[in-house]
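Student: I'm new to this one. Could you show me how to read it, feature by feature?

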Amino acid sequence: MLRACAVWLALCGPVAAQDITRAELAEPTARYDHAVLGDALEWGALHLWLEGGELRTIRLPETRVFEDIEARLADLDGDGTREVVLVEADLARGAALAIYDAQGLRAATPFIGHPHRWLAPAAIGDLDGDGRVEIAYVDRPHLRRELVFVRLEGARVVEIARQAGLTNHRIGEDFITSGLRDCGAGAEVILANADWTRLMAATPTDQRDLGPFSAAAFASALECR
């Protein structure tokens, strides 16, 4: 997927690296009939506010939507400017994890390859202790249930690990049940096992059972209690 001038409302062309101070999903649309997040509306555009107050809007073509609950800001490559992480879905090919910067689309995973197939972002942070930032997401949280760890490297999203038997979303919920914690021994992703009976902590190399799953237990685990 390449950057395209057509998606911009602003002028196209090379620009200096700029920090994104705020990102927001915009322009609700019903053109994708998946409703995995509980209603028929997804998002057709992304607003980016840059340092200095400039607003840029990225508008997707009619064959795609942002199928997500939020636009997540994080400095993924350590250059001092933040990127945006969110789920972008193609009406014919399903979801991909997309990364945008101030100039537009920076990198993305391949689309899953089938409509009505989704992925759910789980956490962003240094998840393997090497000083670099990783993104964790669940590949098909209702079907495949694999926690995937990826890293932004230049203009590519590179997979570094997978953990099977984990999930963070149930069909129809308008929220994602996962998050990042560090209780002193390194960052972990907190989420559920495949059948929602156990609360789990996962890294690229390990997963641990934290006990029976409940909403209260999940909230406590995120706070290291």
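**Reading the model**

Tutor: Strands and helices here are DSSP runs, numbered from the N terminus (helices are H or I with at least four residues, strands are E with at least two). Before we go on, this is a predicted model, where local features need pLDDT of at least 70, side-chain atom pairs count only at pLDDT 80 or more, and totals for chains, interfaces and linings use all residues. Residues are numbered from 1 along each chain as its sequence is written, and side-chain values use heavy atoms, with hydrogens and water left out.

Student: How much space lies in the largest pocket?

Tutor: Rolling a probe the size of a water molecule over the atoms shows where empty space is left. On a 1 Å grid over the protein atoms alone, a pocket is an open set of points where a 1.4 Å probe fits, with protein on both sides within 12 Å along at least five of seven lines; lining residues have an atom within 4 Å of a point. Grid points are joined across faces, edges and corners, and the volume is the space filled by probe spheres set on the points. Here that comes to about 200 Å³. The lining has 15 residues, and Thr109, Pro110, Tyr137, Glu159 and Arg162 are the closest to the centre. Strand 10 (134–139) and strand 12 (156–164) each supply at least two lining residues.

Student: Which classes of residue make up the lining?

Tutor: Eight are nonpolar, one is polar and six are charged. In this scheme Ala, Val, Leu, Ile, Met, Phe, Trp, Tyr, Cys and Pro are nonpolar, Asp, Glu, Lys and Arg are charged, and the others, Gly among them, are polar.

Student: How many helices and strands does the chain have?

Tutor: One helix and 17 strands. For burial, "buried" means under 20% relative accessible area, "exposed" over 50%, and "partly exposed" in between (1.4 Å probe, protein chains only). Buried residues make up 51% of the 225 in the chain.

Student: Which residues of helix 1 are buried?

Tutor: In helix 1 (residues 215–222), they are Phe218, Ser220 and Ala221. Seen down the helix axis, these buried residues fall within an arc of 165°, so they line one face of helix 1; the arc is that of the directions from the axis to the C-beta atoms. Ala215 and Ala216, on the other side, are exposed. Contact means heavy atoms within 4.5 Å, and the cover over the buried residues includes strand 14 (179–182), strand 15 (187–193), strand 16 (198–203) and strand 17 (206–212). After helix 1 comes Cys224, with a positive phi near 60°.

Student: Where is Ala35 placed?

Tutor: Ala35 is in the loop between strand 1 (20–29) and strand 2 (42–50). Its phi is positive, near 60°, though Ala35 isn't a glycine. At 29% relative accessibility, Ala35 is partly exposed. Arg140 is another non-glycine with positive phi, about 50°, and sits in the loop between strand 10 and strand 11 (146–153).

Student: What is Asp128 in contact with, leaving aside neighbours within four places in sequence?

Tutor: Glu134, Arg151, Ile160 and Pro204. Asp128 lies in the loop between strand 9 (119–125) and strand 10, and is partly exposed at 36% relative accessible area. Asp128 and His116 are 12 residues apart along the chain, with 31 Å between their C-alpha atoms.
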